[in-house]
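Subject: Structure for you to look at

Hello,

Here is the structure I said I would pass on. Please open it first, then read the notes below it.

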Amino acid sequence: MDRRPLAIPAYRRLWIASVIAAVGGSFSGLAVPTQLFAVTGSSATVGASAAVSLVALVLSALWGGALADTVDRRRLLLLADGSLAVTYVGLWAQAALDLRSAPVLMALVACQGLSYGAIMAGMGAAVPRVVPADLLAAANGLSSLVRYTGSIVGPLLAGVLIPVVGLGRLYLLDTLALLVVAWSVFRLPPLPPPAPTVVPPGDAPVHASAVGRRPVARQLLDGFDYLFSRRLLVALIGVDLAAMVFGAPWALYPELAQREFGGAAGGGFQLGVLYASYPAGVFAVGLVSGGFTRARRHGVLLASAAVAWGVTVVLLGLAPRLWLAAVTLLAGGGANFVLSTFRRAISQAHTDDALRGRIEGAMVVVTMGGPQLANVLHGVAGAAWGPRWAISVGGVLTIVAVAGILRTVPQLWRYDAPQRSGPGVADAARRQESAERHPGPDDDPPGRSRDRTSGPGDPVRQYSLLVQTSPEAPTSVVSRGPDRRPAVALAADQVARLCRLPRAR
């Protein structure tokens, strides 16, 4: 593992708390469906609760992402963690009182989804303010390892504890885990909204303090305008969706296990092997993630991992034996770990801090909605063609879609990791993309601004687009080729050039 981010005290506290929350805070993921089925005796009700949670999470991620750009992100996380802890207390209370009420459980599930969405968007926007840009891949690798480990260990431990301590005490354990997370968030430094000017494409400059007074719908539209104006971010979402929608055959596992590998009806050893192989591959690669999180060719690694995932899905559809299917899923889990690690690192680093919350909210929608769409598509295709054909065709479509995206947006393949060590600075990737579209300052024709998205006579706006430095890193360095002077000196040179003043040295 690449443990460099753990040397940062704030991130280390968050990571240790996430370890506790990933295991102890995931008990409700098993306890709530178990209790709902015990109360209603209906699997349809359990499925409806999942739909309620997903809708609440998506809405909250978008709304929470907008809030993360206008309020202190530390306070937002404290509020969301506190709300989730209160929800767990409510789940404990209804179990202790033996209410046996499906509507009450559904309402609490909705509250849980609302809290989760705000936490996911807020945490995604807060981590780049704590961790330097060149360590984001390592930090996301550590976080992914914890998340996947918790998804394995948490349900297993909950299944063992339910007969021993009962559902109510499991909810209390979730509450205690959330209190540990809230304490870690409380120990963070203040994370106020970014001070620089926010410049929506085509609009006049809007200061961050004014953004908070705009309607939430307008703030969300600004975020989507920004997202769709950045080709690299659009390509990133396209690759992620291709891998998740075309190449996620989870819905076909029961049929594949029973009809192709001789498993028992209703589940059995074969089905367990299929479901366990993928997370085992994720965990194994996560343990050796230090071997690739230090690399700079983030775009190459992300694209290669997406293609490798498509190949493993094709091989899964063709596998004649269960052990071969398990091997392909092990390899696929490792490929998806690399894909998710660098997808988050690139999106966090490439996004302006003033809009990072809204972009993270949109990313949450993609990552949560993609697998649900995949279940629908694979279910329909499996019923029409059979599981093997449906899985193999999905893998081929993943490879073709990723190749088409890379051909259309070659910047994604050429993307390199930032080389700075200071958090909170507008990412070098955005400058790489800008440099490919526009010449450098020394090559500009007389009287023409380097940034052609705004007028040449507005030095303040040029300054706001050039650098965004957080209060936590006032001496961060912007690297553009061999020039590694402080960001303020680079900005002064830019303003001096626009005003035709002598350049600062």
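Accessible areas here come from the Shrake-Rupley method with a 1.4 Å probe. On that basis the protein exposes about 21200 Å², and carbon and sulfur atoms supply 69% of this area. Please keep in mind that this is a predicted model.

The overall picture is as follows. The protein has 20 helices and 0 strands. Of its 505 residues, 52% are buried. If you take the contacts between residues at least 6 apart in sequence, 81% of them join residues at least 24 apart.

Helix H8 covers residues 216-228 and helix H9 covers residues 231-246. Their axes are 6 Å apart, and the two pack at an angle of about 90 degrees. Angles of 65 to 115 degrees count as roughly perpendicular, so H8 is roughly perpendicular to H9. On the H8 side, Tyr 226, Leu 227 and Phe 228 meet Leu 233, Val 234 and Ile 237 of H9. By class, this contact of H8 with H9 has 6 nonpolar residues, no polar ones and no charged ones.

Next, look at Arg 343, which is in helix H14 (residues 322-350). Is Arg 343 buried or exposed? Its relative accessibility is 8%, and buried means under 20%, so Arg 343 counts as buried. Apart from neighbours within four places in sequence, Arg 343 is in contact with Leu 236, Asp 240, Leu 302, Met 363 and Thr 367. Leu 233 is 110 residues from Arg 343 along the chain, yet their C-alpha atoms are separated by 9.5 Å.

Regards

Notes
Residues are numbered from 1 along each chain as its sequence is written. This is a predicted model: local features need pLDDT of at least 70, side-chain atom pairs count only at pLDDT 80 or more; totals for chains, interfaces and linings use all residues. Side-chain values use heavy atoms; hydrogens and water are left out. Axes are lines fitted to C-alpha atoms, for helices over the stretch in contact, and angles run from 0 to 180 degrees between N-to-C directions. Helices (H or I, at least four residues) and strands (E, at least two) are DSSP runs, numbered from the N terminus. Angles under 35 degrees count as roughly parallel, over 145 as roughly antiparallel, 65 to 115 as roughly perpendicular and the rest as oblique. Contact means heavy atoms within 4.5 Å. Ala, Val, Leu, Ile, Met, Phe, Trp, Tyr, Cys and Pro count as nonpolar, Asp, Glu, Lys and Arg as charged, and the others, Gly among them, as polar. Buried means under 20% relative accessible area, exposed over 50%, partly exposed in between (1.4 Å probe, protein chains only).
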